[in-house]
Amino acid sequence: MPPLKVNPLDYDVFRQEMEEITQRECDPDITSAVHTILTAIGEDPDRPGLQRTPERIACMYEELTAGYHVDPVALVNGAIFEVNYDEMVIVRDIDFYSLCEHHMLPFMGKAHVGYIPAGRVIGLSKIPRVVEMYARRLQIQEQMTRQIAEFLQGVLKPMGVAVVVEGFHLCAAMRGVKKSNARMVTSAMLGIFKRNQSTRAEFLANIGRQGPEQ
Ligand SMILES: [Zn+2]
């Protein structure tokens with residue numbers, strides 16, 4: 001797929017109102033594919049309410065999958081600092097919105113991220129952006145959880161990283177056995193969080209969860 005021109009420094013562009021985004025022309029392949037879907041489900045794509053729907057959806061998918069086009073290294077560039085600090089750092093309750101790769105329906109919830117530095121820390125505002133970069137793709141919650149943890153492990157080389165994600169999946173809520181309130185919890189524990197039960201317990205207590213998730 002051709003890269004979109006997304007500058008990590010303009011990351012807040014993702015929060016623009018859809019009105020603004022639909023001012024420009026979006027991917028014509030998506031537009032025509034949605035037109036086909038509308039016909040296939042028995043709709044009339046030319047009726048007034050649907051006339052601009054294919055184009056709107058094309059713009060929406062560009063926004064919701066923009067994470068594919070962000071260079072993660074550039075995203076954190078300039079926000080990594082050498083410090084002499086070795087206590088646990090936790091950013092909790094990071095809201096995320098993603099699309100499940102099996103149904104392309106939303107799943108959403110909160111991510112909690114912790115790490116214990118070994119000489120390097122990352123600007124706190126960058127951690128939600130790392131989460132968002134991996135969320136704005138077609139995803140599996142387990143994989144997203146692991147990608148966030150491994151990315152931070154790679155750039156910070158800390159003593160360990162812990163990520164817990166709680167997600168509400170519309171594909172589970174809307175389809176089949178409608179377990180509308182079910183939340184899925186996934187975790188990735190690396191380094192000291194994996195090896196040391198009390199470190200893991202301290203993290204889980206801080207994010208309001210009891211006991212090991214592994
Ligand atoms: Zn799904």
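Visitor: Which strands does helix α6 lie across, and at what angle does α6 run to β7?
Guide: This model is predicted. Helix α6 spans residues 141–156. It lies across β2, β3, β5, β6 and β7. Its angle to β7 is about 25°.

Visitor: In what order do the five strands stand in the open sheet?
Guide: The sheet is open, and its pairing is mixed. Its edge strands are β5 (138–139) and β7 (183–191), each pairing on one side only. Between them the strands follow in turn, giving the order β5-β2-β3-β6-β7.

Visitor: Which strands does helix α5 touch, and what angle does its direction make with that of β2?
Guide: Helix α5 covers residues 126–135 and packs on the sheet. It touches β2, β3 and β5. With the direction of β2, its own makes an angle of about 20°.

Visitor: How many bridges join β2 to β3?
Guide: Strand β2 is made of residues 89–100. It runs antiparallel to β3. The bridges between β2 and β3 number nine.

Visitor: Which residue takes a positive phi in the hairpin of β2 and β3?
Guide: Look between the two strands of this hairpin, where there are five residues. The phi in question is near 55°. The residue is Met104.

Visitor: How many bridges join β3 to β6?
Guide: Strand β6 holds residues 160–169 and runs antiparallel to β3. Gly109 stands opposite Gly167 in β6. Ile116 faces Gly160 in β6. The bridges between β3 and β6 number 10.

Visitor: How many of the residues in strand β3 are buried?
Guide: Strand β3 runs over residues 106–116. It is mostly covered. Of its 11 residues, the buried ones number eight.

Visitor: At what angle do helices α2 and α3 pack, and how far apart are their axes?
Guide: Helix α2 takes in residues 28–40, and helix α3 takes in residues 53–64. They pack at an angle of about 130°. That makes α2 oblique to α3. Their axes are 8 Å apart.

Visitor: Is the crossing of α2 and α3 left-handed or right-handed?
Guide: The two helices pack at about 130°. Their crossing is right-handed.

Visitor: How many nonpolar residues does the contact of α2 with α3 have?
Guide: From α2 come Ile30, Thr31, Val34 and His35. They meet Thr53, Pro54, Glu55, Ile57, Ala58 and Tyr61 in α3. By class, three residues of this contact are polar and one is charged. The nonpolar residues number six.

Notes: Residues numbered from 1 in each chain as written. Predicted model: local features only at pLDDT ≥ 70, side-chain atom pairs only at ≥ 80, totals over all residues. Buried ≥ 20, exposed ≤ 12 C-beta atoms within 10 Å, placed from the backbone. Helix = DSSP H or I, 4+ residues; strand = E, 2+ residues; numbered from the N terminus. Pairing = 2+ DSSP bridges. Contact = placed C-beta atoms within 7 Å. Axes fitted to C-alpha atoms, helices over the stretch in contact; angles between N-to-C directions. Parallel < 35°, antiparallel > 145°, perpendicular 65-115°, else oblique. Left-handed = near helix turned anticlockwise from the far one by under 90°. Nonpolar A, V, L, I, M, F, W, Y, C, P; charged D, E, K, R; others polar.
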